[in-house]
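Subject: Structure handover

Hello,

Here is the structure I promised to pass on. My notes follow below it.

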Amino acid sequence: MSSPDSTFIEYIPSVFIDDRQSEDVDAVFFDADGDDDLDLYVVSGGSEFSINSPALEDRLYLNTSDSRNVSFTKAVGRLPSSVRGVGAVAKPFDYDGDGDMDIFLGERMLPNAYGLPASGRILTNLNGKFRDDTEDKAKVLLELGLITDAVCFDLENDGDLDLLVVGEWMAPRIFENTSSGFHERTYEGLNKYKGWYNTVELYESEDGSHSFLLGNLGLNSRFQATSENPLKLYIKDIDNNSTLDHIFTYARDGIERPMALKRNIEKQLPELKKKFLYFSDYAGKALDQVFTQEQLRGSTELEAFFFESCKLELTSDDYTISSLPIEMQFSTINNFSIVDLNRDGRKDVLAFGNKFMNQPEIGRYDGNQGQLYLSDSSGLNYVKPARTGVVIDGVVRNSRLLSGDRILLVRNNMKPKILKY
Ligand SMILES: [Ca+2]
Ligand SMILES: [Ca+2]
Ligand SMILES: [Ca+2]
Ligand SMILES: [Ca+2]
């Protein structure tokens, strides 16, 4: 909590402790019940919960503070049952223009079924209670993909808020808010930018043109791919043991090969032990030498081939994608903070990231220690840590601008950090 003199005091309401079994992946303050104070919406996520786990339920805490005490009370019966997905992001926005804040919710995945498409949802605010109107107002968001982030913005300056949604194994997708609900606005060739996007932020808007920063895997990974030679993920219960198998492949010269090491692919599919006795029997085998066509038939197939963190400029009928500085490609970018750091009237950028994965095939991305970019007429320019003093260890999951020229960083399994500028 930020106190009037702008120092911080720790405040942990007991209602938060009651919900500590949940893995919180996003949290946002906004006025949900229209009484002019800020309530808190917390998105629950995490890949290890089963489909009916209460830990996956999102939570709304109503602000019940008075002039002396800060307090929050967990709202009962104000959220629809559809908030039980594996969440990624919540964006409050008044999509229907009636003066109260509605919510866009993006799901990261289906419980226990990584790779199968999850949904975006529209929750309409009805006097402080939220109703899931996705079916009626935004069918196009159902089974959209593995959503990681979204931005609400007014695409064509017609006064209503539209959506840009990004995710893993997805190209950026744009949804226009119309009198008959949300409809996808397609852009020729934009589908050629399927990546592993973690984050999107609005950078600038003027005269119907909007620019966004998109944080992607970066170019410092072992994955080199093109639209002709994409990375792919096949998802199917290949050996009929009631768990989904995931076959991750890369391609060279049009020939697809499984990415997984022999011992790892055998964990999912023990049958393969018999087919390939020795490591050398399996190494370098093409996908169609490991699996028959029949085995892969009916798989859900995902692909990605564009891993650069980039800038997207968008108008209502055109777009351009341009590169961000090379330093931005050193690691995966999870979050941007956009703020005028040197107070020269131009928006500067802090980029945070890294990702430590369990699978050795995917690797560890730790090339980002918190990067600062100052903006001038040539674009964004990297400023070396020796000059900025910013050195952040670990994986930064989220960053937020605070009052008093400070930025709060939330890290995986490490203490939060506050930067002052
Ligand atoms: Ca309120
Ligand atoms: Ca509204
Ligand atoms: Ca609009
Ligand atoms: Ca600046």
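Start with the loop between strand 17 (245-252) and strand 18 (255-258), where D253 is found. Strands here are DSSP runs of E, at least two residues long, and helices are runs of H or I, at least four long, both numbered from the N terminus. Phi of D253 is near 50 degrees, a positive value in a residue other than glycine. D253 is exposed, because its C-beta has 6 other C-beta atoms within 10 Å. The cut-offs: buried means 20 or more other C-beta atoms within 10 Å of the residue's own, exposed means 12 or fewer, and partly exposed is in between, with C-beta atoms placed from the backbone.

Some ground rules. This is a predicted model, in which local features need pLDDT of at least 70, side-chain atom pairs count only at pLDDT 80 or more, and totals for chains, interfaces and linings use all residues. Residues are numbered from 1 along each chain as its sequence is written, while chains are lettered from A and ligands numbered from 1 in the order in which they are written.

D207 is found between strand 14 (199-206) and strand 15 (209-215). Its phi is also positive, near 50 degrees, and D207 is not a glycine. D207 counts as exposed because it has 7 C-beta neighbours inside 10 Å.

Strand 14 and strand 15 are antiparallel, over 7 bridges. (Two strands pair if DSSP finds at least two bridges between them.) E204 stands opposite S211 in strand 15. Both strands belong to an open sheet of 4 strands, in the order 14-15-20-21, with antiparallel pairing. Its edges are strand 14 and strand 21 (319-323), each of which pairs on one side only. The twist averages 20 degrees from one strand to the next. That angle is taken between lines fitted to C-alpha atoms, for helices over the stretch in contact, on a scale from 0 to 180 degrees between N-to-C directions.

Strand 2 (residues 39-45) is mostly covered: 7 of its 7 residues are buried. In a regular strand the side chains alternate between the two faces of the sheet. In strand 2, D39, Y41, V43 and G45 point one way, and L40, V42 and S44 the other; all are buried. Strand 2 has partners, too. Strand 1 (residues 23-30) runs antiparallel to strand 2 and is joined to it by 7 bridges. There, E23 stands opposite G45. Strand 3 (residues 59-63) also pairs with strand 2 in the antiparallel sense, over 3 bridges. The bridge partner of V42 in strand 3 is R59.

Next, T300, which sits in strand 19 (residues 300-304). T300 counts as partly exposed because it has 14 C-beta neighbours inside 10 Å. Beyond its neighbours within four places in sequence, T300 is in contact with G115, L116, I235 and K236. Contact means that the C-beta atoms, placed from the backbone, lie within 7 Å. The C-alpha atoms of T300 and I418 are separated by 42 Å, and the two residues are 118 apart along the chain.

Last, the whole chain. The chain has 8 helices and 30 strands. Its C-alpha trace spans about 70 × 50 × 45 Å along the principal axes. Buried residues make up 37% of the 421. Of the contacts with a separation of 6 or more, 51% are between residues 24 or more positions apart.

Best wishes

Note on methods:
Contact = placed C-beta atoms within 7 Å.
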